[in-house]
Amino acid sequence: MGFSDKLNKVLKLGDKIEVLSGADKIDCDGTFIKAEDHFLVWSNGDGDVLFTHLDQVTVKKV
């Protein structure tokens with residue numbers, strides 16, 4: 001089971017998340033959409049849909 005599959009089991013559509021690179025937050029808090037092919041698909045507070053590669057980030061449910 002890959003990391004994307006694990007995220008999809010722990011998080012569900014609409015969950016509030018933080019996406020961190022090291023100790024720095026990427027954008028603002030966001031909303032989980034899905035994880036697929038080692039990418040996180042999520043939206044930020046402005047409604048933008050973002051695709052973030054999962055190699056160097058931490059995803060935290062808030």
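Colleague: Why is Thr31 called buried?

Modeller: Thr31 has a relative accessibility of 18%, and buried means under 20% relative accessible area, with exposed over 50% and partly exposed in between (1.4 Å probe, protein chains only), so Thr31 counts as buried. This is a predicted model, in which local features need pLDDT of at least 70 and side-chain atom pairs count only at pLDDT 80 or more, while totals for chains, interfaces and linings use all residues. Residues are numbered from 1 along each chain as its sequence is written, and side-chain values use heavy atoms, with hydrogens and water left out.

Colleague: What makes a polar contact with the side chain of Thr31?

Modeller: The side chain of Lys16 does, at 3.1 Å; a polar contact is a pair of N or O atoms within 3.5 Å, where within protein one must be able to donate a hydrogen and the other to accept it, and residues adjacent in sequence count only if both atoms are side-chain atoms.

Colleague: Is Ser4 buried or exposed?

Modeller: The relative accessible area of Ser4 is 9%, so Ser4 is buried. Not counting residues up to four places away in sequence, Ser4 touches Ala35, Glu36, Asp37, His38, Phe39 and Leu54, where contact means heavy atoms within 4.5 Å.

Colleague: Which residues does Thr31 touch, on that count?

Modeller: Leaving out residues up to four places away in sequence, Thr31 touches Gly14, Asp15, Lys16, Ile17, Trp42 and Ser43.

Colleague: And which residues is Leu40 in contact with?

Modeller: Setting aside neighbours within four places in sequence, Leu40 is in contact with residues including Ile17, Val19, Phe32 and Val59.
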